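Subject: Handover of a structure and notes on its contents

Dear colleague,

Please find below the structure that I am handing over to you. My notes on what was found in it follow directly after.

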Amino acid sequence: MTASGVATATEPTKGRGRSAADSANAGPPSRAVTPPPKLRRRPVLIAAAVVAVALGGALGAWAWSSASSTQSVVAARTAIERGAVIQAGDLVGVQVGVDPALSPVPASQSSSVVGQRAATDIAAGTLVTREQFTAQVVPPAGSSIVGVGVTDALLPGEPLVPGDRVRVVATPGAQGDITDTAPVTIAATVVGVHSDEVDGVTVVSVQVPSGVAAELAARAATGNVAIVLDSRER
């Protein structure tokens, strides 16, 4: 009875022993793991990035094309008047992008321009084209250039340009007397037009045969002349 009672008293309870072992082996209380945030794709930003990349490529291609299409051509270092002999010091080589519609002289051919005569007035800084110089002397032999000063009222409404064929017509005197005879007219070719805004007079330089240059100069000096523009059809 006694042994049985002691054994019974010292035997641990099965349920309590398991609870202690479980408590010893159990780790800290588990924590819930937060999942990583989901990335939201924005189509507008993606499209903007694609457009920016494409635009950058286009600008780069344009810059490369512009840099590679420049040419070294001849320009006027100083102003050159019509009929003047072009000197080497009048010219300078410049690097520019040239429009295909123009025909400037390449810098490597600048020697072909030196010694030629300016066919038109060439402003300083402008590109020199082949139409702006010639080997001919202005005026040529047998011709003269006369300046005819007239007011705007005695000029055609259409602006005159070099090469225009005109007639210088003698007008009635101050009293406005008109005779039955035909007015005196002298055929001429315009080589230059210079306006004086202060005096309101435009001087038209015309080329005429040397035999009538004196008569034209005398009539122009009276101020009683008008200029008529003839057809430009050739």
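A residue counts as buried when its relative accessible area is under 20%, as exposed when that value is over 50%, and as partly exposed in between. By this rule, 20% of the 234 residues of the protein chain are buried. Please keep in mind that the model is predicted, and that the values below were computed from it.

**The chain as a whole**

The protein chain holds four helices and nine strands. Followed along the sequence, these elements give the pattern α-α-α-β-β-β-β-β-β-β-β-α-β. The chain exposes about 16200 Å², and carbon and sulfur atoms supply 59% of that area. Among the contacts in the chain with a separation of 6 or more, 66% are between residues 24 or more positions apart.

**The five-stranded sheet**

Five strands form an open sheet in the order S5-S8-S7-S6-S9, and their pairing is antiparallel. Which strands stand at the edges? They are S5 (143–151) and S9 (225–229); each has a single partner strand, so one side of each is left without a neighbour in the sheet. On average, and with direction ignored, neighbouring strands of this sheet are turned by 45° against each other.

S6 pairs with S9 in the antiparallel sense over five bridges. Five bridges also join S6 to strand S7 (residues 185–196), again with the two strands running antiparallel. Val169 shows both pairings: its bridge partner in S7 is Thr185, while in S9 Val169 stands opposite Ala226. Arg167 stands opposite Val228 in S9.

**Two buried residues in loops**

Leu160 is found in the loop between S5 and S6. Is Leu160 buried or exposed? Its relative accessible area is 13%, which is under 20%, and therefore Leu160 counts as buried. Leaving aside residues up to four places away in sequence, Leu160 touches Leu155, Val166, Val190, Val193, Val204, Ile227, Leu229 and Arg232. Leu160 and Val191 are 31 residues apart in sequence, and their C-alpha atoms are 9.5 Å apart in space.

Gln132 lies in another loop, the one between strand S3 (117–118) and strand S4 (133–134). Gln132 has a relative accessibility of 15%, so this residue counts as buried too. With residues up to four places away in sequence not counted, the residues that Gln132 touches are Arg117, Ala118, Ala119, Thr120, Ile122 and Leu127.

**Salt bridges**

Side chains of opposite charge can pair when their charged atoms come close. In this structure the count comes to four salt bridges.

One of them is formed by Asp164 and Arg232, whose closest N and O atoms are 2.8 Å apart. This pair links distant parts of the chain: Asp164 is in the loop between S5 and S6, Arg232 is in the segment after S9, and 68 residues separate them. The two partners can be compared by their accessibility. Asp164 counts as buried because its relative accessibility is 4%, whereas Arg232, at 36%, counts as partly exposed.

A salt bridge also joins the side chains of Asp230 and Arg167, at 3.1 Å from N to O. Here, too, distant parts of the chain are linked, with Asp230 in the segment after S9 and Arg167 in strand S6, 63 residues apart. Asp230 is partly exposed, with a relative accessible area of 25%, and Arg167 is partly exposed at 34%.

A further salt bridge lies within a helix. The side chains of Arg219 and Glu215 meet at 3.3 Å, N to O. Both residues belong to helix H4 (residues 210–222), where they are four residues apart, about one turn of the helix. Arg219 is partly exposed at 30% relative accessibility, and Glu215 is partly exposed at 36%.

With kind regards

Technical notes. Residues numbered from 1 in each chain as written. Predicted model: local features only at pLDDT ≥ 70, side-chain atom pairs only at ≥ 80, totals over all residues. Heavy atoms only, no water. Pairing = 2+ DSSP bridges. Axes fitted to C-alpha atoms, helices over the stretch in contact; angles between N-to-C directions. Buried < 20%, exposed > 50% of the residue type's maximum accessible area, 1.4 Å probe, protein only. Contact = heavy atoms within 4.5 Å. Areas by Shrake-Rupley, 256 points an atom, 1.4 Å probe, with all protein chains shown as cover.
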